[in-house]
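Please look over the sequence and the model first, then read the notes by topic.

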Amino acid sequence: MRDAGRFACGVREFRTMNLLAIETSTEACSIALVHGQQVFARSELAPRRHAELALPMADALLAEAGLGRHALDAIAVGRGPGAFTGVRLGVALAQGMALALDRPVVPVSSLAALALEALEDEAAILAVIDARMGEIYAACYRRDGNGGLVVLDDERVCRPDALVLPEADVWNVVGSGWASYADVLRGHLTGGLRQADGDRYPQARHVAELAVREYQAGRAVAPEQALPVYLRDKVALTLAEQGRATP
Amino acid sequence: MHISQLSNLPSKPVLGVESSCDETGVAILRWVPEAPGSGLLAHALYSQVKLHADYGGVVPELASRDHVRKLLPLVREALAQAGMTPADLGGVAYTAGPGLVGALLVGAAAARAMAWALDVPAIGVHHMEGHLLAPLLEADPPKPPFVALLVSGGHSMLVEVAAIGRYRILGDTLDDAAGEAFDKTAKLMGLPYPGGPALAKLAEQGRAGAFRFSRPMTDRPGLDFSFSGLKTQVLLAWQQSDQSEQTRADVARGFEEAIVDTLVIKCRRALEATGTGRLVIAGGVGANKRLRETLAAAGQQDGFRTYFPRLQFCTDNGAMIALAGAIRLAAGQGQDEAVRVAPRWDLQGLQPV
Ligand SMILES: Nc1ncnc2c1ncn2[C@@H]1O[C@H](COP(=O)(O)OP(=O)(O)OP(=O)(O)O)[C@@H](O)[C@H]1O
Ligand SMILES: [Mg+2]
């Protein structure tokens, strides 16, 4: 097994770096390619067609940039949270590519990528994805003024009415969680609301932006260590638990 | 180029990935037409049986989660066994169906992405074609035409194999699959999941003739199976018994004999109907000792030959997928870059090789 730490050395300059990013954890299927200072991206709202679209999109981007697959330095992926199947699709694609190319993977939070869909201002950001089953995936950030994010509140899964938010003067809220639970969520916001957009999804171009920083900070991992983050970890009852549930 | 020249070219090894249910399997195989087993360079398997045991059956979401954790370490292990790097691979095969859709998708996506990155051809394999070709990995492999008895957790079929890729289903189950019947009956008798192998083990201690159950659908012509009624008969007999340990073993023996006899009767009929002298047995229930012995004996008596995979290739594995994939890739078949899986997929609709 290769040593994850090995990837930290020999980091290339941002200018010359080539990184492919995959984001399939929500309704949007998107792929982005960072080639030095340029970012090429494709994104489509295509529920249930992500598996079909991802690799052809990647090919189109490489062709546009005039790059071969071996020119890639790293693969980035939105590792969730999101739809379980979509999250796993992205991770499995990234794992497979990276192993075959002998390159590292940079896993990035899909909620952090979603947060970069918010306005570029000083407001606090609530990134919120409809998690189905009456729950949301949520995290809070603010921009660091340098293209990155500062985490105000960690990602979690909860019922919308149980969400606890930090204090902030003004908020930008993005993601499908807003589309589903605007009324409940509005009640949690302490300050004013500047942007509220339920029609935003995590995008590969933002996964790529975050991943380049992570890569340069030495936080790329071996492909087998890039794993999904589901947040919802209890998905079935054991026989013992079923026994307890039905007296 | 002439076909004889083609087969003289040393074909590059193919990676096979299986993830249709609760086993993650990876293998590397170089296609050697005369002796496919000699081309098997590596195989690695991880079974999730322990994970699902606490739940009393396979939980699809947990199966998918485990595949994505285990697949890459298994690929590394197989590469190490074969002394290779990914760049040595000439193709990638993966199970594309039938099976659990989420589980299939993990293997298919990782495998298709590997092929994409290496710029080598990829092929989606039918899981049951994998099972039925598994006996080709043994010494003295069977040549088509032959009849295949596919008995696994999800299937009970008799298939006429005119050639690789040309399959006609002669008989199918109307309800439970043979392996499913083993598992459900075991559960009814209080054996832990997965019950099939445990029930078979218990049956070894059972006394012949203590319990006799019917041989379903053997009293009329036809090659279909039905095993769900048998389960009910066994349950009744068990409930009305003294439920001692010896009785449990006796009931298990009676059940196993009923299933095995039924399968043997139908195999004989299928061989007679097709005029074939070769019978291939595959799928998890093919690991059953009594079935293997009884069929081998029937073959000696009737003059047909039986071909079994080794025990570890009866149940799900990557080697059978690498084999089926390598055959199809060598024939020039392959898949575009869309990752597609099919939870249901008719074996008879496959492309001939
Ligand atoms: N020795 C045995 N005797 C009887 N049944 C057995 C034995 N060993 C395994 N089985 C049965 O084989 C089945 C597992 O086989 P396999 O892995 O081929 O099935 P599957 O992959 O779950 O189903 P499918 O291939 O149809 O999708 C289980 O039902 C198990 O109980
Ligand atoms: Mg199987």
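In what order do the 5 strands of the open sheet that includes β1 of chain A lie? The order is β3-β2-β1-β4-β5, and the pairing is mixed. The model is a predicted one. Chain A also has an open sheet with the strand order β8-β7-β6-β9-β10, and 37 of its residues are in contact with 32 residues of chain B.

- Direction ignored, neighbouring strands here are turned by 15° against each other on average.
- Strand β2 (residues 28-35) of chain A runs antiparallel to β3(A), and 8 bridges join the two.
- Within this pair, V34(A) has V39(A) of β3(A) as its bridge partner.
- Helix α5 (residues 204-216) of chain A lies across β1 (18-23), β2, β3, β4 (74-78) and β5 of chain A.
- The direction of α5(A) is at about 130° to that of β1(A).

**The sheet of β6 to β10 in chain A**

- This open sheet has 5 strands, and its pairing is mixed.
- Its edge strands are β8 (149-158) and β10 (192-197) of chain A, and each of them pairs on one side only.
- From one strand to the next, the twist averages 15°.
- Helix α4 (residues 176-186) of chain A packs on the sheet and touches β6, β7 (136-143), β9 and β10 of chain A.
- The angle between the direction of α4(A) and that of β6(A) is about 115°.
- Strands β6 (residues 124-130) and β9 (residues 170-174) of chain A pair in the parallel sense, over 4 bridges.
- L126(A) has V173(A) in β9(A) as its bridge partner.
- Strands β7(A) and β8(A) run antiparallel and are joined by 7 bridges.
- One bridge in that pair links R143(A) with L149(A), the latter in β8(A).
- β7(A) and β8(A) form a hairpin with 5 residues between the strands, where G145(A) takes a positive phi near 80°.

- The elements of chain A that give two or more residues to the side touching chain B are α1 (50-65), α2 (84-101) and α6 (239-245).
- Helix α2(A) supplies the largest share of that side, 13 residues.
- By type, the residues on the side of chain A that touches chain B divide into 23 nonpolar, 6 polar and 8 charged.

**Backbone features in loops of chain B**

- P144(B) and P145(B) are joined by a cis peptide bond, with omega near 5°.
- P145(B) is in the loop between α5 (127-133) and β6 (146-151) of chain B.
- The peptide bond between Y193(B) and P194(B) is also cis, with omega about -10°.
- P194(B) sits in the loop between α6 (178-188) and α7 (195-203) of chain B.
- D119(B), a residue other than glycine, has a positive phi near 60°.
- The loop that holds D119(B) runs between α4 (101-118) and β5 (122-126) of chain B.

How values were computed:
Residues are numbered from 1 along each chain as its sequence is written. Chains are lettered from A and ligands numbered from 1 in the order in which they are written. This is a predicted model: local features need pLDDT of at least 70, side-chain atom pairs count only at pLDDT 80 or more; totals for chains, interfaces and linings use all residues. Side-chain values use heavy atoms; hydrogens and water are left out. Two strands pair if DSSP finds at least two bridges between them. Axes are lines fitted to C-alpha atoms, for helices over the stretch in contact, and angles run from 0 to 180 degrees between N-to-C directions. Contact means heavy atoms within 4.5 Å. Ala, Val, Leu, Ile, Met, Phe, Trp, Tyr, Cys and Pro count as nonpolar, Asp, Glu, Lys and Arg as charged, and the others, Gly among them, as polar.
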